[in-house]
Amino acid sequence: MPRPIAALVHVDALAHNLRRAREAAPDARVWAVVKANAYGHGIAHAYPGLKGADGFALLDLVEAEQIRALGWRGPILLLEGCFGARDLESCSRLGLWHTVHHEAQIDMLAAHKTDRPMHVFLKMNSGMNRLGFRPEAFRSAWRRLDGLTQVETITLMTHWSDADAAPGSAPGISAQLAVFEAATSDLPGERSLCNSAATLRHGSDARVRGDWVRPGIMLYGSSPDFPVHGIDDWQLRPAMTLQSELIATQQLQRGEHVGYGSSYTAEHPMRIGVVACGYADGYPRVAPSGTPVLVDGVRTATVGRVSMDMIAVDLTPVPAAGVGSSVTLWGVGPGGARLAIDEVAHAAGTVGYELMCALAPRVPTTAA
């Protein structure tokens, strides 16, 4: 029989989380962000749950091809735009919308021969300092695009650096919003500003909501501002379950150690289980002892270091557990027990995004 580890993608949870995005940003249209192979869930698995969106946003032409092949005929947005002139040929062929964030992209567009004018998202660097035209150069870029026959519409776009910040720990969105509004006050066109955190925290404000929101991580059942808020606070559902089984148990005596480096020492007699999951499956190697896990739906914790193929867990809270008992590394366990991916990520000093995207190809993934 195959190794018992598997990932399940919950289509109903994706659809629910998409509805939550709509509720949080009333009257805005929604891009379902499916970059990085739908945050590790698999575009083909995620598509049935997200096809109620108004459009799909991603990075790669290959992923855009895949969305079209699945039957999607609506808008698809390239969030980083085109990387070369030939990409514009694919945009024309596939009917893609694309972001423009530097002058060379305008040059490529001006030289592109097409009889199908394009929808362009003009991006402002309002303070994130990654992509986009600085505010003082934004209007000039807009005028260049507005003068091109290759351009049908121009949507004004920016991205928040601190929408997920804990109160008092960072500036939030107010400074960037002021910069964006000052630079675009009299420019026509729709607006797209909100990521997941801004959608949930500020989507009720029409100035922030704009015309298009771009939820990503929230669609997959992770809180964008954990630990300030968890998924229950935002009424989100886990869209991925990483599950496995116990493949062995060990009885420890006081003073005995577990795993490489003997980093865990039993303080009393205890029973542990060995799980068929490790860092080669995408589980974070840096997760320390005490990282939460569910065994037969009961919350317990890891002990010792994460190995390539195995993790040890404390069976004290689950005395009846044995070989073959179910293990939920994150997601939904037996009886509806839930372990948010954010909790596991937080224990490992990272974020849920990374764990989703790090799921290894050797883990079988299916839609549920």
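## Cavity and helix contacts

The largest cavity has a volume of about 40 Å³. The model is predicted. Searching the whole structure gives one cavity of 30 Å³ or more. Around the largest cavity, the lining consists of Tyr 220, Gly 221, Pro 238, Ala 239, Met 240, Trp 330, Ala 340, Ile 341 and Met 356. Eight of the lining residues are nonpolar, one is polar and none is charged.

Two helix pairs are described next. Packed helices are characterised by the angle and the distance between their axes.

| Helix pair | Axes come within | Crossing angle |
|---|---|---|
| H4 (residues 61-69) and H5 (residues 85-94) | 11 Å | roughly 10 degrees |
| H6 (residues 103-111) and H7 (residues 135-146) | 10 Å | roughly 10 degrees |

Angles under 35 degrees count as roughly parallel. H4 and H5 are therefore roughly parallel to each other. On the H4 side, Leu 61, Glu 65 and Arg 68 take part in the contact, and they meet Asp 87, Ser 90, Arg 93 and Leu 94 of H5. Sorted by class, the contact of H4 with H5 holds two nonpolar, one polar and four charged residues.

H6 and H7 are likewise roughly parallel to each other. Glu 103, Ile 106, Asp 107 and Leu 109 of H6 make this contact with Ala 141, Arg 144 and Leu 145 of H7. Four residues of the contact of H6 with H7 are nonpolar, three are charged and none is polar.

Conventions:
Residues are numbered from 1 along each chain as its sequence is written. This is a predicted model: local features need pLDDT of at least 70, side-chain atom pairs count only at pLDDT 80 or more; totals for chains, interfaces and linings use all residues. Side-chain values use heavy atoms; hydrogens and water are left out. Axes are lines fitted to C-alpha atoms, for helices over the stretch in contact, and angles run from 0 to 180 degrees between N-to-C directions. Helices (H or I, at least four residues) and strands (E, at least two) are DSSP runs, numbered from the N terminus. Angles under 35 degrees count as roughly parallel, over 145 as roughly antiparallel, 65 to 115 as roughly perpendicular and the rest as oblique. Contact means heavy atoms within 4.5 Å. Ala, Val, Leu, Ile, Met, Phe, Trp, Tyr, Cys and Pro count as nonpolar, Asp, Glu, Lys and Arg as charged, and the others, Gly among them, as polar. On a 1 Å grid over the protein atoms alone, a cavity is a set of points where a 1.4 Å probe fits but cannot get out, and a pocket is an open set with protein on both sides within 12 Å along at least five of seven lines; lining residues have an atom within 4 Å of a point. Grid points are joined across faces, edges and corners, and a volume is the space filled by probe spheres set on the points.
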